[in-house]
Amino acid sequence: PLEALIFDVDGTLAETEELHRRAFNAAFRAWGLPWSWSRERYRALLAVTGGKERLLHFLETDRPAAAERGRTLVAEIHAEKTARYHALLAAEGGALRPGVRRLLGEARAAGLRLAVATTTTPANVEALIRIAFGRPATALFEVVAAGDAVARKKPDPEVYRLALGRLGLPAGACLAFEDSANGLKAALGAGLATVVTPGLYTDGQDFVGASLVAPSLEAVGLGELEALVPAQ
Ligand code: XBP
Ligand code: MG
């Protein structure tokens with residue numbers, strides 16, 4: 001039976017990728033770098049998960065001269081980007097995707113356990129949850145498996161395995177929630193039945209293997225979710 005729900009953050013709880021993109025561009029400007037990622041460009045860049053990994057990939061493929069300073073430059077720009085992202089979240093609010101707040105409430109009321117498995121940093125999870133719920137992330141999610149806690153980011157299943165280990169549950173007792181093909185691959189790789197709600201940057205991707213694909217969680221109820229995992 002269903003015992004826990006494990007949520008991706010970016011794109012799934014909230015449409016944060018546009019804020020991430022703008023935060024990257026603001027960080028480039030702050031560093032005097034004449035780089036700017038358009039929405040179209042960012043859509044392609046999202047194939048590389050993890051902000052630091054994405055930036056390194058951009059340097060290696062587009063800016064070989066800067067790539068020589070590689071990881072140091074990436075760490076510096078990324079720290080600036082994280083600060084800009086927090087400022088954007090604070091200024092514009094962390095609007096949750098439709099159905100997210102209601103489903104989390106229903107799940108808690110039904111005694112389900114809640115976890116997060118994300119590529120972004122714990123600080124970014126904390127910032128979003130505090131702004132959206134007015135509470136610390138740990139007040140809502142028993143387990144937060146995030147970013148650099150694993151060696152290999154999504155689509156590798158490691159972050160989902162970490163979440164399952166911390167919950168102390170088998171994959172068959174849990175459901176994953178994702179918005180992207182990379183996230184879905186990670187969840188499936190850990191043996192999890194997965195609900196996909198494609199978002200602004202992930203619509204049109206390949207979601208084969210998902211247990212349910214819905215435009216959002218707005219019309220998704222707990223009963224429907226319970227039927228997606230084995231009864232025994
Ligand atoms: C989201 C990501 C993250 C964010 C940026 O992937 O790839 O990198 O874009 O966050 P998922 P950081 O939703 O599959 O976890 O810059 O903090 O990495
Ligand atoms: Mg995502």
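**The shell around ligand 1**

Hi everyone. The shell around ligand 1 splits into 10 polar, 6 charged and 1 nonpolar residues, with Ala, Val, Leu, Ile, Met, Phe, Trp, Tyr, Cys and Pro counted as nonpolar, Asp, Glu, Lys and Arg as charged, and the others, Gly among them, as polar. A shell residue has a heavy atom within 4 Å of the ligand.

A word on the source: this is a predicted model, where local features need pLDDT of at least 70, side-chain atom pairs need 80 or more, and totals for chains, interfaces and linings use all residues. Residues count from 1 along each chain as written, chains are lettered from A and ligands numbered from 1 in written order, and side-chain values use heavy atoms, without hydrogens or water.

Of the 17 residues around ligand 1, Gly51, Arg54, His78, Lys81 and Thr120 come nearest. Domain 1 (4-16 + 96-226) and domain 2 (17-92) each give the shell at least three residues; those bounds come from an automatic or database assignment.

Now the polar contacts, meaning N or O pairs within 3.5 Å. Oxygen atoms of ligand 1 lie 2.7 Å from a polar side-chain atom of His78, 2.8 Å from one of Glu17 and 3.3 Å from an N or O atom in the Lys154 side chain. The protein covers 97% of the 450 Å² of accessible area that ligand 1 has on its own, by Shrake-Rupley with a 1.4 Å probe.

Finally, Lys154 is joined to Pro155 by a cis peptide bond, omega about 15 degrees. Most peptide bonds are trans. Thanks, all!

Methods
Polar contact = N/O pair within 3.5 Å; in protein donor to acceptor, adjacent residues only side chain to side chain.
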